[in-house]
Amino acid sequence: MKALITGASSGIGRDMAHILHAKGIELWLVARREDRLRELKDFLGDSVHILALDLGNEENCHILYNELKDKDIDIVINNAGFGQFGFFTDVALDRELEMIDLNIRAPHILTKLFLRDFEERGSGYILNVASSAAFLPGPLMSVYYSTKAYLYRLTLAIYEELRRKDSRVYVGVLCPGPVETEFNSCAGVRFSIKSLTSMAVARYAIEKMFKKKLVIVPGLTVRLGTVFQRLVPTKLLLKISYHIQHSKEKG
């Protein structure tokens, strides 16, 4: 098998690369930081290909697809993304638009392009990495939460369309809670509840992907939280979400 992983230079994406490589899967790893990708390639060894691309640039998404469309890719993992903490009126608009480009436009483009090929072939896996943020309103991280909600809902809709066609192509969405990755420092937050390791999340995600689970939520605490939020009135949930977000702010 052959797999494409975006955002593969660190965190969950990097650990997914380790897991899939151990299964004998040939890898195409994509991220902005070429030095990190080279380190990962040198560590993993054979059957690893790297492409240093900023997928926040739409043209690079098409460059990536055109590079791989004849490689018979079996698995696409859309993992690249970032977040930003702060009041909506305080966060720089340019930064928010960069986030929308990377967190929404890039996985949207790659999902559409590779899904068409997978449907024609009658096989393939697409795993979109969202977040437990997809289930909640996100005061103080409003744009990030909204991008993950988009990816979550898009994946669910595509799943149902594929089911109606009796397609053998898999599409699923990973929705982890707090994870020990570089995301925290990039977004400017610290988590008030215990984080899972990125390796634990990656291992769980890959296992469930191959079992074709639609919504993958690692960790019992987060799974229980997704049930709880459905029972809470919207305005109360907004207040709870704000206090949770506020507690993450780095002093």
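Okay, let's start with Thr155, which sits in helix α5, the helix covering residues 142-164. Quick reminder before I go on: this is a predicted model, so please read everything I say as computed from it.

So, is Thr155 buried or exposed? Its relative accessible area is 0%, and since buried means under 20%, Thr155 counts as buried.

What does the side chain of Thr155 do in there? For one thing, it makes a polar contact with the side chain of Asn128, at 3.0 Å. The Thr155 side chain also reaches the backbone oxygen of Leu151, and that distance is 2.8 Å. If you set aside the neighbours within four places in sequence, Thr155 is in contact with Asn128, Val171, Gly172 and Val173. Asn128 turns up in that contact list as well as in the side-chain polar contact.

Now over to the surface. Which residues form a nonpolar patch there? Leu93, Leu97 and Ile100 do, and together they have about 260 Å² of accessible area. Leu97 belongs to helix α4, residues 93-121.

Last stop, Leu220. This one is in helix α8, which spans residues 220-231. Leu220 has a relative accessible area of 55%, and because exposed means over 50%, Leu220 goes down as exposed. And how far apart are Leu220 and Ala22? In sequence, they are 198 residues apart; in space, C-alpha to C-alpha, it's 27 Å.

That's my tour, thanks.

Key: Residues are numbered from 1 along each chain as its sequence is written. This is a predicted model: local features need pLDDT of at least 70, side-chain atom pairs count only at pLDDT 80 or more; totals for chains, interfaces and linings use all residues. Side-chain values use heavy atoms; hydrogens and water are left out. Patches are made of residues with over 30% relative accessible area and no salt bridge: like charges are joined within 9 Å, nonpolar side chains (Val, Leu, Ile, Met, Phe, Trp, Tyr) within 5 Å. Accessible areas come from the Shrake-Rupley method with a 1.4 Å probe; for residues, only the protein chains shown count as cover. A salt bridge is a side-chain nitrogen of Lys or Arg within 4 Å of a carboxyl oxygen of Asp or Glu. Helices (H or I, at least four residues) and strands (E, at least two) are DSSP runs, numbered from the N terminus. Buried means under 20% relative accessible area, exposed over 50%, partly exposed in between (1.4 Å probe, protein chains only). A polar contact is a pair of N or O atoms within 3.5 Å; within protein, one must be able to donate a hydrogen and the other to accept it, and residues adjacent in sequence count only if both atoms are side-chain atoms. Contact means heavy atoms within 4.5 Å.
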